[in-house]
Amino acid sequence: MHCNSKATSSGSVGSPTLALAADGWFQIRLTYEGLPKVMTFLWLLCHSRILTNVERARWHMTNNSSCPVCAFPVEDLHHVLCFCHVAHSIWGCFIRQDHLDEFMSLEIKEWIYVNLSNVGGFVLDIADCDVLFGSLLLNLWLRRNEVTFQVCSGNHESILDASIRLQKECLVGRLGDLNATAVVRQATRSMIRWHRPPKGWCKLNNDGVVAASSGDSAYGGVIYNATGDWLIGFNRRLGIFSVLESKLWGIYEGLMTVWSIGIDHLIIEVDNIEALNLIQQYKKGETTLSLVSHIVSMINQQWSFEMNHIMCEGNKLADCMAKFASRDDLICHCFLSPPGSMILQLEEDLHNISVEGG
Ligand SMILES: [Zn+2]
């Protein structure tokens, strides 16, 4: 079904609260066409059977009700599915920007019903967005469990990729392979994109990469001015460092550059949860990476600062800059205008026309 079709096909959709009062789950069961495993998870959600740490603490299964991913003190469903780093960045892609605040403020069960029937009109114009929404919820929960129970599934798909794969799996049976691929490609194009900074703010995107063959690492980044245009780019080959270290170096160099040119309102976007957590949860003596303390002391200067997670698919220009780093030296190179090989990606980011998927 197309994302708008349900808004006119059910008598109850004009009033989500009415549907809830009647039986929210009944509404979902009638109309939802996602995979059975997603359906099972939605049933558990709607019947409050999901054991977040708040629930586990209530049943005396743990005395720690905090989030295992970001250490927020209250890990309830609302946190896991809406506000935790990865969830938040996914909804930033999936939801219309002018509806995001309202979307995030709904009570959790109403939030689920409203989005599965799209009556709120929150979601981008994506075909079968309800199927994708359900798949995203399931994968957010599965990824949370991997972190909580330290299970390494060996699956390195992003939550977004895994959810889009489930959406396609579901659609192939109904639409055929060709049409399912077209739907999924359109969804990917709509969702995965970079956003300009809000008025009055600059933005720093950065990334670190390690070459699989040589182990040689590099970082790169781009600073965008308050209108979202290229202000300065940078990159540097580092030598033998881990992915995490190279990403931290990218953040540090980016902050140094931002600081040196006098920007005082900055949003920094990081595509690595581990790096983000190390910085946001920094406590002296808890990490052996001294770079983290340098980054934190810069962040704590007098300026307006936000640090957010971004899906790596929306961070492609920074990734390109890191891969573009010169192999001839270990010097940080700055670019006052985009190098020729970056222009296409920059245009795609600015006009939201990026990324082949499917
Ligand atoms: Zn969290």
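Modeller: A definition comes ahead of the questions: two residues are in contact if their C-beta atoms, placed from the backbone, lie within 7 Å. This is a predicted model, in which local features need pLDDT of at least 70, side-chain atom pairs count only at pLDDT 80 or more, and totals for chains, interfaces and linings use all residues. Residues are numbered from 1 along each chain as its sequence is written.

Colleague: What share of the contacts with a separation of 6 or more comes from residues 24 or more positions apart?
Modeller: The count takes contacts in the chain with a separation of 6 or more. Residues 24 or more positions apart account for 67%.

Colleague: How many helices and strands are in the chain?
Modeller: Both are DSSP runs, numbered from the N terminus; helices are H or I with at least four residues, strands are E with at least two. On that basis the chain has six strands and 16 helices.

Colleague: What percentage of the residues in the chain is buried?
Modeller: A residue is buried if 20 or more other C-beta atoms lie within 10 Å of its own, exposed if 12 or fewer, and partly exposed in between; the C-beta atoms are placed from the backbone. The chain has 358 residues. The buried part is 40%.

Colleague: In what order do the strands of the open sheet run?
Modeller: Two strands pair if DSSP finds at least two bridges between them. Six strands form the sheet, with mixed pairing. Strand E5 (304-309) and strand E6 (333-335) are the edges, each pairing on one side only. The order is E5-E4-E1-E2-E3-E6.

Colleague: How many residues of strand E2 are buried?
Modeller: E2 spans residues 216-224 and is mostly covered. Of its nine residues, the buried ones number eight.

Colleague: Which residue in E2 is the bridge partner of Asn206?
Modeller: Strand E1 (residues 202-210) runs antiparallel to E2, and eight bridges join them. Their hairpin has five residues between the strands, and there Gly215 takes a positive phi near 75 degrees. The partner of Asn206 is Gly221.

Colleague: And which residue in E3 is the bridge partner of Tyr219?
Modeller: Strand E3 (residues 230-240) is joined to E2 by nine bridges, and the two run antiparallel. They form a hairpin with five residues between them, where Gly228 in the turn has a positive phi of about 90 degrees. The partner of Tyr219 is Arg236.

Colleague: Are H12 and H14 roughly parallel or antiparallel?
Modeller: Axes are lines fitted to C-alpha atoms, for helices over the stretch in contact, and angles run from 0 to 180 degrees between N-to-C directions. Helix H12 (residues 243-260) and helix H14 (residues 290-299) pack at about 30 degrees, with axes 10 Å apart. That makes the pair roughly parallel. Angles under 35 degrees count as roughly parallel, over 145 as roughly antiparallel, 65 to 115 as roughly perpendicular and the rest as oblique, so the answer is roughly parallel.

Colleague: How many nonpolar residues are in the contact of H12 with H14?
Modeller: H12 residues including Leu248, Trp249 and Trp259 meet H14 residues, among them Leu291, Ile295 and Met298. Ala, Val, Leu, Ile, Met, Phe, Trp, Tyr, Cys and Pro count as nonpolar, Asp, Glu, Lys and Arg as charged, and the others, Gly among them, as polar. The contact has no charged residues, one polar, and a nonpolar count of 10.

Colleague: At what angle do H15 and H16 pack?
Modeller: In H15, Lys316, Leu317 and Cys320 meet Gln345, Leu346 and Asp349 in H16. By class the contact has three nonpolar, one polar and two charged residues. Helix H15 (residues 316-323) and helix H16 (residues 343-350) have axes 9 Å apart, at an angle of about 165 degrees.

Colleague: Is Ser48 buried or exposed?
Modeller: Ser48 lies in the loop between helix H3 (36-46) and helix H4 (53-58). Its phi is positive, about 55 degrees, although Ser48 is not a glycine. With 11 C-beta neighbours inside 10 Å, Ser48 is exposed.
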